[in-house]
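Please keep the sequence and the model in view while reading.

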Amino acid sequence: MSLIGKKVEPFKLQAYRNGEFVEVTEEDFKGHWSVVCFYPADFTFVCPTELEDLQDHYETLKKLDTEVFSVSADTHFVHKAWHDHSEAISKITYTMIGDPAHVLINMFDVLREEEGVADRGTFIIDPDGVIQAVEINADGIGRDASTIVDKIKAAQYVRNHPGEVCPAKWKEGEETLKPSLDLVGKI
C-alpha cells in the first residue's frame, strides 16, 4: 500500500542533534518541508557516505525551508558515539533519530524483519505532515542527496502552482506542464 498522501501518525522518539539529546515527535515534521532518510545501521559502510552527502546538502535544503532527519534502529546513544568517532558523521548537524523499537521504521514500512534494520528509504514530507515522495533503495545502493534537493524543489513548485506538473528531469526555472485535453498524445 502506498504511503503517498498519508499523514505522519503520532510518535515520540529520542534523537541526537548538535551535541544534545532531543525528543522528536510528528509535530517536528510540520510547518516546513522534511526529508526523512532511513538507513540500516550506524558504524557501517554505505551509511556514513550517504549521511555525509546529506550533510553536504543540508544548507541548501535549509534554504528551501526543509529540515532533515536520519533514522536507524540504533539508539540516540549509539548515534552520539558514532558522531564522536567517525570523521564523516562528526560533520552532521541535522537530527539523528534513534528508533530501536521500530516505531517510525514500521510506520514508514521500511523494516527488514529478518535483520531488524531499516531499508534505505527516503521520504519527503510537506509542511502539513503529508508524505509527498518515497524512494526505497536496496542495501548496497547509496543515495545521492542532490536528487533529494531536486525533488524538494519540484514538490514545492507543484504545491505552489496548482494545475502544473513537473516533467522528468525537471530543474528549477525550466518549463512545466499544464495537463489538459490539448496535451493528450502530444508529448
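## Terms and basis

Two strands are said to pair if DSSP finds at least two bridges between them. Helices (H or I, at least four residues) and strands (E, at least two) are DSSP runs, numbered from the N terminus. The model is predicted, so local features need pLDDT of at least 70 and side-chain atom pairs count only at pLDDT 80 or more, while totals for chains, interfaces and linings use all residues. Residues are numbered from 1 along each chain as its sequence is written, and side-chain values use heavy atoms, with hydrogens and water left out.

## The sheet

Seven strands make up an open sheet of mixed pairing, in the order E2-E1-E5-E4-E3-E8-E9. Strand E2 (20–25) and strand E9 (131–137) stand at the edges with a single partner strand each, so one side of each is left without a neighbour in the sheet. On average, neighbouring strands of this sheet are turned by 25 degrees against each other, direction ignored. Axes here are lines fitted to C-alpha atoms, for helices over the stretch in contact, and angles run from 0 to 180 degrees between N-to-C directions.

## Strand E4 and its partners

Strand E3 (residues 33–38) and strand E4 (residues 66–72) run parallel and are joined by six bridges. Val 36 has Phe 69 in E4 as its bridge partner, and Phe 38 has Val 71 in E4. E4 also runs parallel to E5, with four bridges between them; Ser 72 stands opposite Gly 98 in E5. From E4 the chain crosses through H3 to E5, and this β-α-β crossover is right-handed, meaning that, with the strands pointing away from the viewer, the path from the first strand over the helix to the second runs clockwise.

Six of the seven residues of E4 are buried, where buried means under 20% relative accessible area, exposed over 50% and partly exposed in between (1.4 Å probe, protein chains only).

Contact means heavy atoms within 4.5 Å. Helix H3 (residues 76–85) lies across strand E1 (12–17), E2, E4 and E5, and runs at about 10 degrees to E1.

## Cys 47

Cys 47 is placed in helix H1. The UniProt annotation "active site", from an unreviewed entry, covers Cys 47; UniProt positions are given in the numbering used here, feature names are shortened, and annotations may be inferred rather than shown by experiment.

Cys 47 counts as buried because its relative accessibility is 1%. Not counting residues up to four places away in sequence, Cys 47 touches Tyr 39, Pro 40, Ala 41, Trp 82 and Arg 120.
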